[in-house]
Amino acid sequence: MTLLVTGGAGFIGSNFVRYLLETSEDRIVNLDLLTYAGNLANLTGCDQDPRYRFVRGDIRDRETLRRAFAEHEIEAVVHFAAESHVDRSVEGPEVFVTTNVLGTEILLEEARAAGVERFLMVSTDEVYGSLGDEGLFTESSPLAPNSPYAASKASADLLCRAFYKTYGFPVLITRCSNNYGAYQFPEKLIPLMIANALEDKPLPVYGDGRNVRDWLYVRDHCSALDAVLRRGRPGEVYNIGGCNEMANLELVRLLVDHLGKSRDLITFVSDRPGHDRRYAIDATKIMSELDWAPSVTFEQGLGATVDWYLQHRSWWEEIRSGEYTAYYEQMYGQGGRHGKDGVNP
Ligand code: NAD
Ligand code: DAU
């Protein structure tokens with residue numbers, strides 16, 4: 001099969017490209033705009049494989065898409081490309097709408113025109129909004145997105161549904177919980193805390209640190225996507241999760257202890273506006289219907305992740321020395337949203 005992977009230079013996309021090259025015979029065309037989050041260093045070695053091609057392009061650009069679909073005779077699409085960080089969507093929502101909503105709509109139209117046989121939309125559990133202390137998100141939970149990021153993903157997710165209902169276009173939708181692992185951009189909780197701890201910098205925990213996330217090792221997300229791509233039923237939604245809920249503060253303490261650093265580095269900072277309290281996924285459907293299960297425990301996955309960041313220091317140091325410095329200052333510096341005297345106490 002020849003696949004178009006969008007956003008394959010980002011965190012999950014690059015892990016997915018590696019996963020497919022290792023486990024399948026598929027040919028992969030990776031189309032990525034290389035925004036601040038896209039990094040060709042995430043794919044080092046893949047370009048040695050004759051089954052892999054990289055195209056720099058924007059999912060909002062019809063001509064580039066048309067050319068890619070025609071030239072490479074694409075049979076299936078796995079759509080990761082997106083603006084993915086909630087905090088950035090709070091500061092500037094517009095690009096979340098143009099990329100995540102309009103970009104997905106243009107990609108759907110061009111994929112349909114090209115006769116693509118399977119279109120996998122990588123959506124997120126954030127479309128469901130927030131849970132209280134009890135309960136789990138199922139595929140039939142109502143959509144109630146709370147951040148501009150989540151609203152843009154919910155819109156894209158629903159456009160995919162509409163293309164299935166209206167045109168019979170063979171769309172598959174996955175909604176996964178929080179991923180962690182190698183190549184995650186250090187604006188996200190786990191790599192940010194590892195990098196800060198290694199540099200003995202404060203570890204900024206939002207609010208009371210009791211917000212709960214349901215963590216899944218990125219390679220297990222990849223194996224779930226692979227199962228849905230090959231064996232999922234068009235028009236269906238599949239939740240993906242690791243049954244691994246943890247409060248942020250507990251997780252940060254675990255990381256600090258694992259790295260042998262002082263818990264005094266933990267600093268409570270102003271909360272994220274509209275901060276979802278708890279996510280937790282019911283993954284019964286994908287487990288029973290597609291026989292998928294995570295392959296590692298949280299302890300194993302987190303240990304492997306910390307080791308990866310220890311062994312790839314130059315990868316994240318390079319990122320953190322670039323435009324990231326200005327982002328970090330804007331968010332966590334004096335007067336920043338999550339800084340001392342933050343604007344959202
Ligand atoms: P990421 O930010 O690391 O990567 C996004 C990639 O998309 C980057 O390589 C970027 O260059 C590319 N991109 C952005 N705009 C583009 C455009 N207009 N055209 C082409 N490429 C563009 O994101 P991630 O964490 O790897 O997430 C990938 C996908 O998975 C996203 O759709 C996200 O919503 C979804 N998701 C993420 C998680 C998670 O925990 N990270 C969980 C569930 C779902
Ligand atoms: O649930 C899936 C989603 O998980 C994906 O759709 C998103 O693309 C992905 O970014 C992630 O969203 P979160 O907002 O849950 O992830 P993030 O790593 O930004 O934050 C995780 C939790 O940690 C959240 O409760 C906010 C908190 N946090 C985050 C940062 C960056 C802190 O306390 N301090 C921080 O500095």
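**Ligand sites and cavities**

A: Start with a polar contact, which is a pair of N or O atoms within 3.5 Å; within protein, one must be able to donate a hydrogen and the other to accept it, and residues adjacent in sequence count only if both atoms are side-chain atoms. Here an oxygen atom of ligand 2 lies 2.8 Å from a polar backbone atom of S84. Y149 has a side-chain N or O atom 2.6 Å from an oxygen atom of ligand 2, and for R213 a polar side-chain atom is 2.8 Å from an oxygen atom of ligand 2. The protein covers 94% of the 690 Å² of accessible area that ligand 2 has on its own, with areas from the Shrake-Rupley method and a 1.4 Å probe, only the protein chains shown counting as cover for residues.

Q: What kind of model is this, and how are residues and ligands numbered?
A: The model is predicted: local features need pLDDT of at least 70 and side-chain atom pairs pLDDT 80 or more, while totals for chains, interfaces and linings use all residues. Residues are numbered from 1 along each chain as its sequence is written, chains are lettered from A and ligands numbered from 1 in the order written, and side-chain values use heavy atoms, with hydrogens and water left out.

Q: Which residues come nearest to ligand 2?
A: A residue is near a molecule if one of its heavy atoms lies within 4 Å of it. Of the 26 residues around ligand 2, the nearest are T124, D125, Y149, R272 and H275. By class, this shell has eleven nonpolar, eight polar and seven charged residues; Ala, Val, Leu, Ile, Met, Phe, Trp, Tyr, Cys and Pro count as nonpolar, Asp, Glu, Lys and Arg as charged, and the others, Gly among them, as polar.

Q: Which elements each supply at least two residues of the shell around ligand 2?
A: Helices (H or I, at least four residues) and strands (E, at least two) are DSSP runs, numbered from the N terminus. For ligand 2 they are α3 (86-91), α6 (189-198) and β8 (203-206).

Q: Where is H275, and is H275 buried or exposed?
A: Buried means under 20% relative accessible area, exposed over 50%, partly exposed in between (1.4 Å probe, protein chains only). H275 sits in the loop between β12 (266-269) and α9 (284-289) and is buried because its relative accessible area is 15%. H275 and S130 are 145 residues apart in sequence but 8.6 Å apart in space, C-alpha to C-alpha.

Q: Which residues come nearest to ligand 1?
A: They are I12, D32, S84, Y149 and K153, out of 29 around ligand 1. An oxygen atom of ligand 1 is 2.6 Å from a side-chain N or O atom of D32, and Y149 likewise has a side-chain N or O atom 2.6 Å from an oxygen atom of ligand 1. Taken alone, ligand 1 exposes 830 Å², and the protein buries 97% of that. The largest share of its shell, three residues, comes from β5.

Q: How many cavities of 30 Å³ or more does a search of the whole structure find?
A: Rolling a probe the size of a water molecule over the atoms shows where empty space is left. On a 1 Å grid over the protein atoms alone, a cavity is a set of points where a 1.4 Å probe fits but cannot get out; lining residues have an atom within 4 Å of a point. The search finds two.

How values were computed. 1 Å grid on protein atoms, 1.4 Å probe; cavity = no way out; pocket = protein on both sides within 12 Å on 5 of 7 lines; lining within 4 Å. Points joined across faces, edges and corners; volume = space filled by probe spheres on them.
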